[in-house]
Amino acid sequence: MDKQFSALGSQHRLQILQYLCKAPSLVVASLAASDLKMTLSSFSYHLSVLEDAGLIERTSQGRFTVPIVNHKIIKMLEDFLNSLHKEH
């Protein structure tokens, strides 16, 4: 889980992940970057970090690259954090 928590240590990456989780459908990277007021190169860098940590996956939709949240990893992190609050 070190990679995942490290990746979440950036405000930009948290914003990207929140944006992707709330998106009603697949999001084209260039449009998401614009919505988040990031350059495409900065957005792509942060996506790469999130992808390396397993928090997102990228897939091709025609000529576009679409980032998709890996909900299994998010659930694993959520379960871990919730376990810290359990009373003993």
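Lys3 forms a salt bridge with Asp52, and the closest N and O atoms are 3.3 Å apart. By salt bridge I mean a side-chain nitrogen of Lys or Arg within 4 Å of a carboxyl oxygen of Asp or Glu. This pair links distant parts of the chain. Lys3 sits in helix H1, residues 2-7, and Asp52 in helix H4, 49 residues apart. The structure holds three salt bridges.

A word on the source. This is a predicted model, where local features need pLDDT of at least 70, side-chain atom pairs count only at pLDDT 80 or more, and totals for chains, interfaces and linings use all residues. Residues are numbered from 1 along each chain as its sequence is written, and side-chain values use heavy atoms, with hydrogens and water left out.

Now the fold. We have five helices and two strands. Helices are DSSP runs of H or I with at least four residues, strands runs of E with at least two, numbered from the N terminus. The order from the N terminus is α-α-α-α-β-β-α. The C-alpha atoms fill a box of roughly 50 × 20 × 20 Å along the principal axes.

Next, helix packing. The axes of H2, residues 11-22, and H4, residues 40-52, come within 10 Å and cross at roughly 80°. Axes here are lines fitted to C-alpha atoms over the stretch in contact, with angles from 0 to 180 degrees between N-to-C directions. So H2 is roughly perpendicular to H4, a label covering 65 to 115 degrees. H2 brings His12, Arg13, Ile16 and Leu20 to the contact, while H4 brings Phe43, Tyr45, His46, Leu47, Val49 and Leu50. Contact means heavy atoms within 4.5 Å.

Terms used. Parallel < 35°, antiparallel > 145°, perpendicular 65-115°, else oblique.
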